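Please look through the sequence and the model below before reading on. The text after it is meant to be read alongside both.

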Amino acid sequence: MLRELRILVSRPLYLFCMVIAPLCCCLFFTTLMNEGLPKNLPVGVVDQDNTSTTRNIIRNLDAFTQTGISKQYANIAEARKDMQRGKIYAFYYIPKGTTDDVMASRQPKVSFYTNNTFLIAGSLIYRDMRTMSELAKGAVGLQTMQARGIPEAAARAFLQPIVIDTHALQNPWLNYSVYLNNTILPGILMLMLFMMTVFSIGSEIKNNTQKEWLEMADQNIMRALLGKLAPHTLIFYAVALGINVYLYGVLQFPFHCSVGALMLSTLVMVLASQGFGVLVFSLLPTLRLALSACSLWGVVSFSISGFTFPVMAMHPSLQMLSNLFPLRHYFLIYVNQILNGYPIEYAWKPYLALVIFILIPLPFLGRLHKALREFNYIP
Amino acid sequence: MKENKSLYQHFLRAVSETFLIWRRECVRVFRDQGVLIFFILVPLLYPLLYAFIYTGEVVREVPVVAVDQSHTALSREFLTRTDAAPDLHIIAYASDMEEAKTLMKEQKAYGTILIPSDFSKRLNSGKQATVAAYSDMSGLLYYKAILSVCTDVSLDMNREIQIERLGNTTDEQDNVSTAPLEYEYVPMFNPQNGFASFLIPAVLILIIQQTLLLGIGQINGTAREQHTFHLQLPPGKRNGTFRIILGKSLCYFMVYAIMSTWLLLAVPKIFSLPQIPQIWDLMAFMLPFLLACIFFAMTMSILVFSRESCMPLFVFTSVPLLFISGVSWPGAAIPEIWKILSWIVPSTFGVNGFIRINSMGALLDDVQQEYYALWIQTAVYFFTAACAYYYMIRQSRRLALKQQKEEKGTDS
């Protein structure tokens, strides 16, 4: 263990990957999404009618938090061009004669266009523009009905008989930072855990020091591994807890379980990732190939764990495959325990899966031992 | 005259030496299995896996629980329509909220729709009635599905209720009085709001940059570890950094010209993602992007001291780079400091330019800013790559000499 600590200190690569990179990523993602939801996304307006009614619609649209009117255009072609240039994410089109047509009950039509190659911006603006259009419709209706002498409450009940009241549980602000960072940051930690586990074992073969290492542990592979990886566990666990303190303590992300449960889930995550790393190296005792496999697994985790695009919408074969990724199980534990604060009995399945990841290298340790004794470094 | 001739000969020799380095580099790349994985295998297969993950594009049939406390024809009508919508699926009708909560805890449902007991009574007496929708926030797409379906159903039913109350005589009258102002939504460039159409183009560009970083890092890491970097110089020369840079980058460029064609033209076609580029504009744009990426990777390889360390160093950066490029997170909402830092990497401009040319049919003219930025990067990184290689060659020679001396020392 002391020997491993000396190795860790001697190479700056370890310091970078175990501490600096995860902490920098933590800082990066939390400041990037500091606002929770993007504000004042640039949007264009094509107002060919230009009456007080339409100007009012535009002013109201601008008042929405996510939408910010950045420019007025004379026609659709110009607005479309600016969209292609990346200057605006969407535009609202009001054709000539809209106000007159409303007065004359000719049912005019306004339209809005969003650029959905930027999905998040597109959806947010869509929500604002649709609400605005409904409001405009309602406002026009309200005016007409009040002109006929119907009281406002009755008019509202007539215009919108059914109202939907949505409750976004545990994240009512739809905060993207809460939604993404709670899984991205553990994902990056896991990627580093995979790689550092493999890298430290593989370096023994590469530097031809595996004999020395095994002798220190009296040829007991179990003891050798525990001694080698325990310092990693401690350092990564400390980093992970530091990130947790920052997310839930400083940034006040939703946190609905006990501190003990949070520490337990983090510990299980760290150990499971190390278990996975040992497994990979036991199966592929070539440093380069094992690292490649870890990179692949670690990066694909982000997509397949289902925190952006749900697993239920993937192909059935991928749904099965997702079980082989520790991040998937950690994500389920996070949702169940930390975000929703449900009792632990509903999270036993992902916990069991992570425990299996911790134990899974055991049957392969003999193979690893053999590899360490017999294999030479393959570039 | 003589002077001129020797200059010309000098030039000829430089060219032939450059091509020698190019040929050697090609041999090196194609003999090194590790580099081939990054240059060929990853760009070939990785996008397929990614596109496969997102191939569903949208989420359908999000499971929800219904709690109908009204038990009337109107409330049943609301729920039937909700269930009929493609995005939601009612898996159970619970008798109370507790039962619904249990189903959500078991992750069998991601949302609950609650219709209160006075729903029909209020509607029939001409008052506003409320339907409550609860959504699990583990995925924003669940929330989006629940919100949009409930809103759509309520708007449809609202219209019908209004028509019933009005008792107009013609359809035309119905239309005008329920909706004095119509509106229409036109989603552009990604009409089905698909996840793959949105994310994959950015991932493709990132794959080019990241595999170049990893591959070149591995090539140079190997040479530095063995102290053989200086042996790559033209035979019998002590310097020749520019020839090395040109020869090597020509090799990488050729490999990536082919890989980019596969990544940027074939992959979107196979998965029928939105693809409307002007082909010459796309090619003109990719030229500085590839060059900038190559020289960027050559510069960054100064951080790689051994063969394998490129992976722990570079792989994780893919995730922040994807976000900083302004696709996952809108560019307009990125804090200024990160925006400026993002100008360092070619992928920021590459992703934005490619998406606009490929998915939005922009012309080179429309991505002018990105295009010039990439050329500036190419120039800057060419220069830094030259410095980095000059340093690495000298360092390698020094270390090799030291090693030789040590060996001699132990011999005698």
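The model is predicted. Chain A is divided into two parts: domain 1 takes in residues 2-33 + 175-374, and domain 2 covers 41-159. The C-alpha centres of these two domains of chain A are separated by 49 Å. Chain B is likewise assigned a domain 1, made of 15-54 + 194-404, and a domain 2, made of 62-178. In chain B the centres of domain 1 and domain 2, again taken over C-alpha atoms, are 51 Å apart. In each chain, then, domain 1 is written as two stretches of sequence.

Aromatic rings come next. Over all chains there are 33 aromatic pairs. One of them joins A:Phe194 and A:Phe276, whose ring centres lie 4.7 Å apart with 45 degrees between the planes, a tilted arrangement. A:Phe194 belongs to helix H8 (residues 176-206) of chain A and A:Phe276 to helix H11 (residues 259-283) of chain A, so the pair links parts of the chain that are 82 residues apart. Both A:Phe194 and A:Phe276 are buried. Another pair, in chain B, is edge-to-face: B:Phe39 and B:Tyr252 are 5.9 Å apart, centre to centre, and their planes make an angle of 75 degrees. Because B:Phe39 lies in helix H2 (residues 33-53) and B:Tyr252 in helix H9 (residues 241-270) of chain B, this pair ties together parts that are 213 residues apart in sequence. B:Phe39 is buried, at 0% relative accessibility, and B:Tyr252 is buried at 0% as well.

Rings from both chains also meet in one aromatic cluster, formed by A:Tyr92, A:Phe112, A:Tyr126, B:Tyr183 and B:Tyr185. In chain A, a ring has a charge over it: the charged end of A:Lys228 sits over the ring of A:Trp213, 5.2 Å from the ring centre.

How many disulfides does the structure hold over all chains? The count is zero. B:Cys26 shows why for one cysteine: the closest cysteine sulfur, in B:Cys251, is 3.6 Å from its own sulfur, which is too far for a bond, since a disulfide needs the two sulfur atoms within 2.5 Å. B:Cys26 counts as buried, because its relative accessibility is 16% and the limit for buried is under 20%. For B:Cys387, the closest cysteine sulfur is in B:Cys293, 20 Å away and therefore also too far for a bond. B:Cys387 is partly exposed, with a relative accessible area of 39%.

B:Asn352 is placed in helix H14 (residues 346-360) of chain B. B:Asn352 is buried, at 14% relative accessible area. Its side chain reaches the backbone oxygen of B:Ser325 at 3.1 Å. Leaving aside residues up to four places away in sequence, B:Asn352 touches A:Phe118, B:Ser325 and B:Glu370.

Most residues other than glycine have a negative phi. A:Gln252 has a positive phi, near 60 degrees. A:Gln252 lies in the loop between helix H10 (221-250) and H11 of chain A, and is exposed, with a relative accessible area of 58%. B:His71 also has a positive phi, of about 50 degrees, although it is not a glycine. The loop that holds B:His71 runs between strand E1 (62-68) and helix H3 (73-84) of chain B. At a relative accessible area of 56%, B:His71 is exposed.

Note on methods. Residues are numbered from 1 along each chain as its sequence is written. Chains are lettered from A and ligands numbered from 1 in the order in which they are written. This is a predicted model: local features need pLDDT of at least 70, side-chain atom pairs count only at pLDDT 80 or more; totals for chains, interfaces and linings use all residues. Side-chain values use heavy atoms; hydrogens and water are left out. Buried means under 20% relative accessible area, exposed over 50%, partly exposed in between (1.4 Å probe, protein chains only). Domain bounds come from an automatic or database domain assignment. Rings of Phe, Tyr and Trp (its six-membered ring) pair if their centres lie within 6.5 Å; planes under 30 degrees apart count as stacked, over 60 as edge-to-face and the rest as tilted. Helices (H or I, at least four residues) and strands (E, at least two) are DSSP runs, numbered from the N terminus. A charge sits over a ring if NZ of Lys or CZ of Arg is within 6 Å of the ring centre and within 35 degrees of the ring normal. A polar contact is a pair of N or O atoms within 3.5 Å; within protein, one must be able to donate a hydrogen and the other to accept it, and residues adjacent in sequence count only if both atoms are side-chain atoms. Contact means heavy atoms within 4.5 Å.
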